[in-house]
Amino acid sequence: MTRLYLVRHAQAQGNVEKTFQGSIDAPLSALGMEQLERLAERFADMPFDVIYSSPLARAYQTAQAVNRAWGREIVVEPRFTEIHGGKFEGVAFDLLPKRFPEEYRVWTEEPWRFAAPEGESMEQVLARVQAGVEDVVRANRGKTVVITSHGCALRNLVCALKGWTLSRIGEVEWLGNTSVTLVEYPDDETPQIAFLGDASHLTREMAEQSKPYFGGKRG
């Protein structure tokens, strides 16, 4: 059995400011640092063999917290980085429908068709993240692996792990900051999601503040 833990990064400053972060290397917030303490405590009793991280600091710092009790080498994998949002990046979610009305409508209503202006399409994100995970699983058969990544990247991956086409990505819940998902690969290599988006290591208030925000409401 190969086991894969997927961890979304801790809350970053862009989450607090409610902006589209994308590939911006935003620092963690004060709450994010508190979340990492809780996450480190959780993983202190959860052994693993290998850990991979997106190159962005918010994911790498999350990997360091996961790894605190184990001291593994953290492997940086660019394919696990967040969507490149092009002209969306750094813009407040409340302003996006005014500046990019059609693109924002697609982002919220038809996310499988989304292509960031001067950035990545959802199809491109899915292709690279899925290929990255397939390579990681192939290289670590029978091991327990951790990957720290991002909201949009993980949403695409979960869609694929469910066996769904990208057209159903709107049905995939957004994962909260430092939430943990466990995917198991039995001998037949068909992945099974054991649990999804678990944030039981956080207080209720911390978890509520960690829900994604997309303009006017939290996800």
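## Reading cysteines, cores and helices

Guide: A search of the whole structure turns up zero disulfides (cysteine sulfur pairs within 2.5 Å). This is a predicted model, where local features need pLDDT of at least 70 and side-chain atom pairs count only at pLDDT 80 or more, while totals for chains, interfaces and linings use all residues. Residues are numbered from 1 along each chain as its sequence is written, and side-chain values use heavy atoms, with hydrogens and water left out.

Visitor: Is Cys152 buried or exposed?

Guide: Buried means under 20% relative accessible area, exposed over 50%, and partly exposed in between (1.4 Å probe, protein chains only). Cys152 is buried at 3% relative accessibility, and Cys159 is buried at 1%.

Visitor: Which residues touch the most other members of the largest nonpolar core?

Guide: The general idea is that in soluble globular proteins, nonpolar side chains tend to be buried together. A nonpolar core is a set of buried Ala, Val, Leu, Ile, Met, Phe, Trp, Tyr and Cys residues joined through side-chain atoms within 4.5 Å. In this model the largest one has 41 residues, and those touching the most other members are Leu4, Leu6, Leu96, Trp107, Phe114, Val133 and Ile147. A second, separate core has 20 residues, including Ala12, Leu39, Ile74 and Val146.

Visitor: What does Leu6 touch?

Guide: Contact means heavy atoms within 4.5 Å. Not counting residues up to four places away in sequence, Leu6 touches Ile147, Leu154, Leu157, Leu161, Ser179, Val180, Thr181 and Val183.

Visitor: How do the axes of helix H2 and helix H3 cross?

Guide: Two packed helices are described by the angle between their axes and the distance between the axes. Helices are DSSP runs (H or I, at least four residues), numbered from the N terminus. Axes are lines fitted to C-alpha atoms over the stretch in contact, with angles from 0 to 180 degrees between N-to-C directions. For H2 (residues 30-43) and H3 (residues 57-66), the axes come within 7 Å and cross at roughly 40 degrees. Met33, Leu36, Leu39, Ala40 and Phe43 in H2 meet Gln61, Thr62, Ala65 and Val66 in H3.

Visitor: Which residues of H6 are buried?

Guide: They are Met122, Val125, Leu126, Arg128, Val129, Gly132, Val133, Val136 and Val137.

Note on methods. Helix = DSSP H or I, 4+ residues; strand = E, 2+ residues; numbered from the N terminus.
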